Amino acid sequence: MPSIKCPTCKKSGDWFTGKFGPFCSERCKLIDLGKWFGGEHAISEPLKPEHFESFADLPPGDYLDQPESEN
């Protein structure tokens, strides 16, 4: 997998292999969630099928649909 930037802190890494992907940590994940709750992030228009066309070639990941186990 290529290195990606954490959406919150912009550090580069292979965050999708971790527990909090695409975020680098739980802290960054919670900061982003707070922005959604606070209205700083918003969906500007309803999603349409053509919005997903660029993701059609991504490898399958059945594990992505499974709930995280609590340790």
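Trainee: Is Cys9 buried, partly exposed or exposed?

Mentor: Please bear in mind that this is a predicted model. Cys9 has a relative accessible area of 32%, so Cys9 is partly exposed.

Trainee: How many disulfides does the model contain?

Mentor: A disulfide requires two cysteine sulfur atoms within 2.5 Å. By this rule the count is zero. For Cys9, the nearest cysteine sulfur belongs to Cys24 and lies 3.6 Å away, so Cys9 is in no disulfide.

Trainee: What is the relative accessible area of Cys28?

Mentor: The value is 2%, and Cys28 is buried. Cys28 also belongs to the largest nonpolar core, together with Cys6, Trp15, Phe23 and Cys24.

Trainee: Which residues does Trp15 contact, leaving aside neighbours within four places in sequence?

Mentor: Trp15 is in contact with Ile4, Lys5 and Cys6, and also with Gly21, Pro22, Phe23 and Cys24. Among these partners, Cys6, Phe23 and Cys24 are members of the core as well.

Trainee: Where is Asp32 placed, and which residues does Asp32 touch beyond four places in sequence?

Mentor: Asp32 lies in helix H1, which spans residues 26–37. Its relative accessibility is 16%, under the 20% cut-off, and therefore Asp32 counts as buried. Asp32 touches Thr8, Phe23 and His41. Thr8 is 24 residues from Asp32 in sequence, yet their C-alpha atoms are 6.5 Å apart in space.

Note on methods. Residues are numbered from 1 along each chain as its sequence is written. This is a predicted model: local features need pLDDT of at least 70, side-chain atom pairs count only at pLDDT 80 or more; totals for chains, interfaces and linings use all residues. Side-chain values use heavy atoms; hydrogens and water are left out. A nonpolar core is a set of buried Ala, Val, Leu, Ile, Met, Phe, Trp, Tyr and Cys residues joined through side-chain atoms within 4.5 Å. Buried means under 20% relative accessible area, exposed over 50%, partly exposed in between (1.4 Å probe, protein chains only). Contact means heavy atoms within 4.5 Å. Helices (H or I, at least four residues) and strands (E, at least two) are DSSP runs, numbered from the N terminus.
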